[in-house]
2 protein chains.
Amino acid sequence: MAASSSLTLSQAIVGRAISSHGSNPTPSDRLSLPAGFTLPSFSGLKSSTPSSSHSTRLSGSRQIRLSSRSRSAIKAAAVETLDKTTETSLVEKSVNTIRFLAIDAVEKANSGHPGLPMGCAPMGHILYDEIMRYNPKNPYWFNRDRFVLSAGHGCMLQYALLHLAGYDSVKEEDLKAFRQWGSRTPGHPENFETPGVEVTTGPLGQGIANAVGLALAEKHLAARFNKPDSEIVDHYTYAILGDGCQMEGIANEACSLAGHWGLGKLIAFYDDNHISIDGDTEIAFTESVETRFEGLGWHIIWVKNGNTGYDEIRAAIKEAKAVKDKPTLIKVTTTIGYGSPNKANSYSVHGSALGAKEVDATRKNLAWPYEPFHVPEEVKKHWSRHVPEGAALEAEWNAKFAEYEKKYKEEAAELKSIIKGELPAGWEKALPTYTPESPADATRNLSQQCLNALAKVLPGFLGGSADLASSNMTLLKMFGDFQKNTPEERNVRFGVREHGMGAICNGICLHSPGLIPYCATFFVFTDYMRAAIRISALSESGVIYVMTHDSIGLGEDGPTHQPIEHLASFRAMPNILMLRPADGNETAGAYKVAVLNRKRPSILALSRQKLPNLPGSSIEGVEKGGYILTDNSSGNKPDVILIGTGSELEIAAKAADELRKEGKAVRVVSFVSWELFDEQSDAYKESVLPAAVTARVSIEAGSTFGWEKIVGSKGKAIGIDRFGASAPAGKIYKEFGITAEAVIVAAKALC
Amino acid sequence: MAASSSLTLSQAIVGRAISSHGSNPTPSDRLSLPAGFTLPSFSGLKSSTPSSSHSTRLSGSRQIRLSSRSRSAIKAAAVETLDKTTETSLVEKSVNTIRFLAIDAVEKANSGHPGLPMGCAPMGHILYDEIMRYNPKNPYWFNRDRFVLSAGHGCMLQYALLHLAGYDSVKEEDLKAFRQWGSRTPGHPENFETPGVEVTTGPLGQGIANAVGLALAEKHLAARFNKPDSEIVDHYTYAILGDGCQMEGIANEACSLAGHWGLGKLIAFYDDNHISIDGDTEIAFTESVETRFEGLGWHIIWVKNGNTGYDEIRAAIKEAKAVKDKPTLIKVTTTIGYGSPNKANSYSVHGSALGAKEVDATRKNLAWPYEPFHVPEEVKKHWSRHVPEGAALEAEWNAKFAEYEKKYKEEAAELKSIIKGELPAGWEKALPTYTPESPADATRNLSQQCLNALAKVLPGFLGGSADLASSNMTLLKMFGDFQKNTPEERNVRFGVREHGMGAICNGICLHSPGLIPYCATFFVFTDYMRAAIRISALSESGVIYVMTHDSIGLGEDGPTHQPIEHLASFRAMPNILMLRPADGNETAGAYKVAVLNRKRPSILALSRQKLPNLPGSSIEGVEKGGYILTDNSSGNKPDVILIGTGSELEIAAKAADELRKEGKAVRVVSFVSWELFDEQSDAYKESVLPAAVTARVSIEAGSTFGWEKIVGSKGKAIGIDRFGASAPAGKIYKEFGITAEAVIVAAKALC
């Protein structure tokens, strides 16, 4: 970033000399160089190890080789570092400001994680002060670089950086209210609380997967909208992840895809501090992360001195940017709690306040004379430029966009709708509708008709399946595959990686309001991605989850593949819509609801088996969550109310026909979404489920847990409270008593 | 296995010559050797590529290097293969028998996955006919080799092998009933349906993680019980996993631990057929699996011709067994649907029947003149030896154990109790009990007292945490860490790998009835491991899940860490106990229940915050699921019933005290486990929750979903139906209205 450039070569060299004096000897003991140590197979930066004192920061436990590619990379990096850097003494002052803002906030809250911010302050400073392009006064500027703190417990690092950069969301009083009720500085980064925070992290591994989604979105939009004369979409995605994130399977899933897709503008910093909550990572984590990432197709760089090696970090970022066809992992060896004389490099500094005594000792050790929360004037002054510079960056881009708009009207309009999240007028008219005469079909197939209809009218609509596209029926026929060399396409192939898929979709969704990602697998395998789905709900990420094979109706694959408790488990989750449509119109209605709910994810449970199009089903009905499908009663006084969802609504309707033949006044209610029904007026609810009518029978091929709320203590819930079985679907329905006969018997017992 | 040896060197060579003729050219087209191809960095087996026709079976898309270690390995392997093999023509007949049993069963069911069995039949044959030690007439013989089909959809491979080997669980009629109601041959392998199947697989990645658990159990028991003069515990664990398993994060988690622990007797076959449901793995899976596994610390071998390279496979297994300090991944390049002239090597053969026409074509192509389900006489005869040999193996081991028992009385008794799963008499007396005078404490701490008490009396009790031992309070103080060089210890360090942890515990649990594994993380992170927990419930694996920080009571970490819907989500799951103890006695009771339920997993939700020991709490009460804690009413007619669980029972008790001061007759009910209460007699239920008393108030710091069942439509459920917040715990409880005041107000409104 030209603006942060201020020095000559000679000054930079002096600066580096100073920095090596500034380094804290404490942690170097266990890091002494082992005999027989050989150079890395990824580029260690020669420029970063002028003195042996630096190279001794290497953790001894890794076995490494040197490739020719790396040697050349080293040279390049070494040369490139020696331009434009800030005077090192000021950098160190800024870095220590970040460290102490974290220390002081955690101390005041007497709760939090000081260790990571203290160790990662140097990379954090360089990212926010020298590298990243953003506008503090508009955290939502479209073309900003994205930053994700995957190791979310270290959120004070990000809060300190946002504070220094001039974001209104993190003022001094916010830092002082860290982890307190109603503050904008919660215990983990939350995009819905703190503008400037892109995604919600803390559950380990989610953040790096979100970052893959953010980088995918950039690559996709750039491919669609950039022109030879105008690179209108052009930003990087940066992430910091720790040892914990690295151990999580979701991180490996997402990083394997990032390598496959060649996300060259994704740059991840691996905070290699060798400490996790249980102590040294040696007790559970001795794999070679760099070899694994080599296998995943990443470019790997190792910064041996993450504590004071500012030029190493700068050179690594330069090298990473120079590699355009691969994501880069920058392994930065740091000392957790750097600067704390008695707690650095131990788990004790990971997750609790240092304590007054150690805070004083750390102030002495880092020569920090200031009061808690104090930002030295020269640091303030230095960072103050980011507000005007950020405004200038956005203005520059706006001008560029105005030019673009003149030349490329159509593309500009499309991109604008993605940036603003405005749905094109009349988009919902694209949704198909059906009549009882329409052929019976599985809702997974009807879903595909909706997906393809929506893709035609929604420019930000894209997604795919976890290797089940042909079973989930999720292919968009008018588009090809999003791949390394065809990123403009919209069919995303996630492979068998449900958890990574969900978190990647969260990243896509939170990149731009107009991006509407969907993803798919068998409903039962929401168990694999539940942590990501919960983050969708919490972080107000309107991902559409297309979940097929939603009951014992899938048949022979058996109990491992048959969801039972899943509907209940999502009905209990806050801020998510669990939708189970029964036919074509209801499937279209479910998609209408899902598209309109941009701050609430939707799960569509869809059938593998064919279902008839039912008289009375409607899109409008679905929007109310529960509605009367058919009724032969009058005065809102049916003899009995039969309630069904999805594939069992047909069964309820059949039972009603029989009961009516016997003269009963029967109401059939479709209960496609409990959450939407809860949001209706009491009058409407009474009109569908009159309190006076206690004769109620529900039928759903899933757990009866929760149904007492709907059928009442006098009613009967027909469902499945055991695991499924392997057999043809019809046989299982019969054996499990999910039949019209069972409904009729239950109804007669009640009226 | 000496008994399967029958040939001389010369015959073996003849045999191999035949085999290379027998190879089917069909699939080799897309597999032609790319220009610039270089040798692997793991040992490709020289012995396995006598003709170029073999090496052309290599999939072109991988870039590989050669290490010196590998070269020597090649030599060793090459030599060792040339003893004891069966005549190849007979091997091929046996292999084709396996293929056609799979083809015919899938065809008859018109449902299933023929592709994998057709491709993996050779490795399957060699494992069950030449390598593995088992007793068909006693599938539960303790010292048997374990086999796990992680790619569970290919279960017909295992059913065919169990059938040929003489297991009573899979007779011809069972094969003909594949995937039908009530059969012992369900759509995926289920240990509770089919003796001979060790674990339940199908959800991808679970099986290989189970295998890691089985191998961990063997290494642990061997270290504890083997003597210089008696290796009483000594078996291998074999697994077959496919591309799908390899993509799943759980597989990477478990395999990283397997490498860390150096599980040398774990040998995994990676069925590298390059096809998944969506087509060629090139569309989503281009990482180098071998490089990744090198990073994970595994020994890697590549069998280039898995279709007909029998000696390659044999040599690979020999080499794997020779590597004692690392698990081995044998990458076996196969052709999915091998033998099918028109469907081999395509996704169309993965998951559906070939169809009559293609079945005929395949019969012609593989020169198979037999009727469906026919096993040729010579194949029957050849396999018939496994029944007597298996009986001999077990008898031999029993004799060995008798010797062992004489010399090592104590160890023998302990090992026997682990093998039989008999709990030592009076074990439950070890559980601590408490009085109201006992100091208030967090149930996570009380849990640690129970864990340590149980470890003293239960020889098969072991477990650990996903890097939260110091927060979950799960360390067993009298034991050290289970590590590569201290496998006799019982504290397992799982790292931040919740999903892998759960599946590994399933493997440990299903290894021997007396092994009782526990594992721990924060309750909210059950979302990361839910798929493994569900398999515990389905496969009757009595794992104990120690889940702490079970509500907003954890405070400042905020909504990402605060469970809300989790209690409801597990109450809806079949065959699992969701226990939420309120104090010391209830925690002890929860552990008593968990230990006694060996075929049903238990989840203990435990508090981070201190809780008082309540008057009236008891172990016996917990065993009934719900019970009267205190009551000042008479005649089973209280004015109001207050119901609480876990940390909120204290609040209900406080509210009761206040209401009683005002003259109300108040019953306080602890509802620690809904499932256990449901199992009580109607009389008991009525004695706790009399139908006549509709004035009921429940309080629980979680979703109210499902509580209508307990409090009825006239009652009131106090809970949290939104996400949590970041603040001190007390503040959140107050702001969310989880207070005695709220209970009192609700109670007064009802009575």
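## The sheet in chain B

Seven strands of chain B form an open sheet in the order E11-E12-E10-E13-E14-E16-E15, with parallel pairing. The model is predicted. Strands are DSSP runs of at least two residues (E), helices runs of at least four (H or I), both numbered from the N terminus. Two strands pair if DSSP finds at least two bridges between them. In general, strands of a sheet pair through backbone hydrogen bonds, either parallel or antiparallel.

The edges of this sheet are E11 (481-482) and E15 (577-579) of chain B; each has a single partner strand, so one side of each is left without a neighbour in the sheet. Within the sheet order, E13 sits beside E14. E13 (residues 516-522) and E14 (residues 544-548) of chain B pair in the parallel sense over 5 bridges. Thr521(B) stands opposite Met547(B) of E14(B).

## A helix crossing in chain B

Helix H5 (residues 115-131) and helix H12 (residues 310-322) of chain B have axes that come within 10 Å and cross at roughly 60°. Axes are lines fitted to C-alpha atoms over the stretch in contact, with angles from 0 to 180 degrees between N-to-C directions. H5(B) and H12(B) are therefore oblique to each other (under 35 degrees is roughly parallel, over 145 roughly antiparallel, 65 to 115 roughly perpendicular, the rest oblique).

The crossing of H5(B) over H12(B) is right-handed (the near helix is turned clockwise from the far one by less than a right angle). On the H5(B) side, the contact residues include Pro122(B), Ile126(B) and Glu130(B). On the H12(B) side, they include Tyr310(B), Ile313(B) and Lys321(B). Contact means heavy atoms within 4.5 Å.

## Asp229 of chain B

Asp229(B) lies in the loop between helix H8 (206-225) and strand E3 (237-242) of chain B. Its relative accessibility is 42%, so Asp229(B) counts as partly exposed (buried is under 20%, exposed over 50%, partly exposed in between; 1.4 Å probe, protein chains only).

Leaving out residues up to four places away in sequence, Asp229(B) touches Lys407(B) and Tyr408(B). Phe523(B) is 294 residues from Asp229(B) in sequence and 46 Å away, C-alpha to C-alpha.

## Chain A totals

Chain A has 29 helices and 22 strands. Of its 751 residues, 68% count as buried. Among contacts in chain A with a separation of 6 or more, 79% join residues 24 or more positions apart.

## Conventions

Residues are numbered from 1 along each chain as its sequence is written, chains are lettered from A and ligands numbered from 1 in written order. Local features need pLDDT of at least 70, side-chain atom pairs count only at pLDDT 80 or more, totals for chains, interfaces and linings use all residues, and side-chain values use heavy atoms, with hydrogens and water left out.
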